[in-house]
Amino acid sequence: MADEENTSPEEQALADEWAAALAEAGDADQNDIDAMLAGSAQAAQPAAPRAPMEEFGSAPSPSNLPVNLDGPNLDVILDIPVSISMEVGNTDITIRNLLQLNQGSVIELDRLAGEPLDVLVNGTLIAHGEVVVVNEKFGIRLTDVISPSERIKKLR
């Protein structure tokens with residue numbers, strides 16, 4: 001770079017990181033790095049004011065319509081990974097009791113035996129189910145799926 005003395009350590013670290021990434025891509029040169037640094041300096045300037053949301057929004061859709069996955073807007077998010085978990089039950093205990101737990105300790109949960117498990121996606125309840133064994137691995141058979149409209153209501 002011609003003006004390497006005027007570059008802050010943060011900008012230099014960013015440039016080095018981009019240079020390494022561009023080198024992996026196979027087409028890195030000094031002009032690419034200089035353009036990236038110029039772009040990061042412009043990014044530090046305040047962005048243009050955003051238009052109010054009302055200009056972009058259309059008439060609100062009625063909430064009683066079914067939610068479907070056919071819309072083109074969902075294609076962007078369909079490959080995002082989410083965390084799915086099954087909750088057998090829960091309970092509250094004191095830290096004193098928590099520290100006294102050891103192998104063989106039993107913790108009483110708030111669920112009855114045989115009661116369905118909760119299926120959570122990123123911490124949001126989406127279904128209830130029962131434990132099954134599939135090919136020597138645990139699985140869950142969904143017995144009750146919460147409707148998409150109910151799931152959306154819980155998000156608000």
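Predicted model: local features only at pLDDT ≥ 70, side-chain atom pairs only at ≥ 80, totals over all residues.
Residues are numbered from 1 along each chain as its sequence is written, and side-chain values use heavy atoms, with hydrogens and water left out.

**Overall layout**

- The chain has four helices and four strands, where helices (H or I, at least four residues) and strands (E, at least two) are DSSP runs numbered from the N terminus.
- Read from the N terminus on, the elements follow the order α-α-β-α-β-β-β-α.

- Four strands make up an open sheet in the order β1-β2-β3-β4 with antiparallel pairing, and two strands are taken to pair if DSSP finds at least two bridges between them.
- The edge strands are β1 and β4 (137-145), each of which pairs on one side only.
- On average, and with direction ignored, neighbouring strands of this sheet are turned by 40 degrees against each other; the axes behind this angle are lines fitted to C-alpha atoms, for helices over the stretch in contact, and angles run from 0 to 180 degrees between N-to-C directions.
- In general, the strands of a sheet pair through backbone hydrogen bonds, either parallel or antiparallel.

**Strand pairs and their turns**

- Strand β2 (residues 117-121) pairs with strand β3 (residues 124-134) in the antiparallel sense over five bridges; L117 stands opposite G129 in β3, and V121 stands opposite T124 in β3.
- The hairpin of β2 and β3 has two residues between the strands, and N122 takes a positive phi near 50 degrees there.
- Strands β3 and β4 pair in the antiparallel sense over eight bridges; V133 stands opposite F138 in β4, and G129 has L142 as its bridge partner in β4.
- A hairpin is also formed by β3 and β4, with two residues between them, and N135 in its turn has a positive phi of about 50 degrees.

**Salt bridges**

- A search of the whole structure finds two salt bridges, each being a side-chain nitrogen of Lys or Arg within 4 Å of a carboxyl oxygen of Asp or Glu.
- One of them joins R111 to D118, with the closest N and O atoms 2.3 Å apart; D118 is buried, at a relative accessible area of 12%.
- In the other, the side chains of R141 and E130 meet at 2.8 Å, N to O, and this pair links distant parts of the chain, with R141 in strand β4 and E130 in strand β3, eleven residues apart.
- R141 is partly exposed, with a relative accessible area of 46%, and E130 also counts as partly exposed, at 36% relative accessibility.

- V88, I93, L98, L101, I107 and L109 form a nonpolar patch on the surface, with about 480 Å² of accessible area together.
- Patches are made of residues with over 30% relative accessible area and no salt bridge, like charges being joined within 9 Å and nonpolar side chains (Val, Leu, Ile, Met, Phe, Trp, Tyr) within 5 Å, and accessible areas come from the Shrake-Rupley method with a 1.4 Å probe, where for residues only the protein chains shown count as cover.
- I93 is placed in the loop between β1 (84-87) and α3 (95-99), and I93 counts as partly exposed because its relative accessibility is 41%.
- R151 lies in helix α4 (residues 148-155) and is partly exposed, with a relative accessible area of 26%.
- The C-alpha atoms of R151 and A127 are separated by 9.8 Å, the two residues being 24 residues apart along the chain.

Definitions and conventions. Buried < 20%, exposed > 50% of the residue type's maximum accessible area, 1.4 Å probe, protein only.
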